[in-house]
Amino acid sequence: MQTFGFITHALDMNDVVRYEPRAAGKRIELVSKILEWMPAYKQSYITGIRSQTGEEIEGYFLACPFLPHQFTELPREQVYKKIIDAGKLAESFGAKIVGLGGFTSVVGDAGETIAENLNIAVTSGNSYTIATALEGAIEAAQAMGIVPEESSAAVIGATGSIGRVCAQILSQKVASLTITARSLSRLKNVAEMIFQFSGKRPKVTTDLHAALQNADIVISASSAGRGIIQPHFLKPGCVVCDVALPHDCSREIAEIRQDVLVIEGGLVEVPGNVNFRTNFGYPQGIALACMAETMILTLEKRFEHYSLGRRIEPEKVIEIQSLAQKHGFKLAGFRSFNSQVTKEDIQRIKENARISKQEQKISIGL
Ligand SMILES: NC(=O)c1ccc[n+]([C@@H]2O[C@H](COP(=O)([O-])OP(=O)(O)OC[C@H]3O[C@@H](n4cnc5c(N)ncnc54)[C@H](OP(=O)(O)O)[C@@H]3O)[C@@H](O)[C@H]2O)c1
């Protein structure tokens with residue numbers, strides 16, 4: 001049976017406590033220090049992934065014990081070393097490919113140095129993450145009664161590995177697009193790439209509020225590591241597909257904005273009867289798209305560096321989506337702030353959005 005590895009890390013203190021209940025109530029500074037000293041280790045053995053073609057594979061989660069802020073703040077060499085050690089563990093368990101979860105693919109050159117230091121294939125899983133983010137955003141928009149071709153969209157983190165390709169492909173599907181991140185010069189370069197790709201020139205801004213205030217569809221893929229989208233930034237009735245981990249949407253949005261639909265991007269149903277033997281916070285049978293990409297490549301025996309670096313090609317997004325279909329991977333239903341979104345929830349959000357829009361018209365005297 002073919003074997004894959006996938007490198008994980010805790011996203012926040014809740015995650016740390018889920019894996020190690022004795023961390024409950026401890027200060028984040030102390031926990032971070034302990035994580036810094038911990039070596040990479042085998043987190044779990046995964047069985048039961050069975051393609052609809054009949055092929056079955058197995059895999060391992062390898063933990064790289066850091067919190068998101070440590071990936072960006074600690075010396076690069078120290079961070080790379082622990083990710084490479086996790087990759088070497090995957091090698092020792094017979095994996096022929098290893099996927100880079102969360103910030104293990106965000107740090108530095110997006111996996112290229114890690115790949116150079118391992119003897120097996122490496123993927124960030126970003127191609128399938130992009131495919132599922134786009135699919136989820138468009139499906140959610142349609143469920144909310146938004147017509148994509150007539151809508152305004154925004155992509156946050158649009159100069160990044162995931163955001164750039166999301167913006168390129170989305171530009172073909174919507175009436176107007178705004179792209180945002182912190183570096184204006186990089187945004188201008190990406191705007192030019194989008195123009196070359198689709199013939200449509202997006203607006204660029206580093207002002208997140210300005211980018212979002214008129215957007216009907218938002219794909220959010222920043223590496224900010226915290227809730228940068230504030231409740232008042234969002235247009236009533238809009239859809240936000242939040243791909244970022246940790247999420248870009250602040251928790252307050254769930255409490256204050258009952259008139260917008262926020263969905264978690266990149267969640268996928270795995271074919272077969274998968275047993276992850278660990279709880280990473282999703283219902284049984286659900287994986288992140290980056291994990292799913294590693295599984296799909298293993299089923300295909302495509303042991304090659306697939307999504308690596310910050311230049312992912314749209315063709316790869318199309319290819320991995322069709323391979324996902326071949327093996328029976330599909331978008332999990334919408335989830336928002338850790339709960340399933342029902343048809344009734346969507347009806348309620350639509351009704352709330354209608355009322356909010358009416359109130360806005362009254363307040364500006366229309
Ligand atoms: N759901 C999944 O399955 C899945 C899979 C893989 C990755 N992810 C997540 O997706 C996100 C993006 O990953 P990536 O590989 O595309 O990262 P990346 O290549 O490093 O890109 C990050 C983007 O975010 C922007 N950014 C960073 N901090 C920001 C801030 N404070 N405000 C606004 N923009 C900011 C960056 O541009 P500037 O530096 O110019 O601001 C860049 O455009 C990460 O959170 C990652 O963990 C999710």
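**Close-up views of a predicted model**

View 1. Glu 269 stands opposite Lys 330 of strand β15. Strand β12 (residues 267-269) pairs with β15 in the antiparallel sense over two bridges; strands count as paired if DSSP finds at least two bridges between them. The open sheet has three strands in the order β14-β12-β15, with antiparallel pairing. β14 (286-288) and β15 (330-331) are at the edges with a single partner strand each, so one side of each has no neighbour in the sheet. Strands (E, at least two residues) and helices (H or I, at least four) are DSSP runs numbered from the N terminus.

The model is predicted: local features need pLDDT of at least 70, side-chain atom pairs count only at pLDDT 80 or more, and totals for chains, interfaces and linings use all residues. Residues are numbered from 1 along each chain as its sequence is written, and side-chain values use heavy atoms, without hydrogens and water.

**View 2. Helices α11 and α12.** Helix α11 (residues 289-299) packs against helix α12 (residues 314-327) at an angle of about 70°, with the axes 10 Å apart. Axes are lines fitted to C-alpha atoms, for helices over the stretch in contact, and angles between N-to-C directions run from 0 to 180 degrees. Glu 293, Ile 296, Leu 297 and Leu 299 of α11 meet Ile 320, Leu 323, Ala 324 and His 327 of α12 (contact: heavy atoms within 4.5 Å).

View 3. For Asn 126, a side-chain N or O atom is 3.4 Å from a ligand oxygen. A polar contact here is a pair of N or O atoms within 3.5 Å; within protein, one must be able to donate a hydrogen and the other to accept it, and residues adjacent in sequence count only if both atoms are side-chain atoms.
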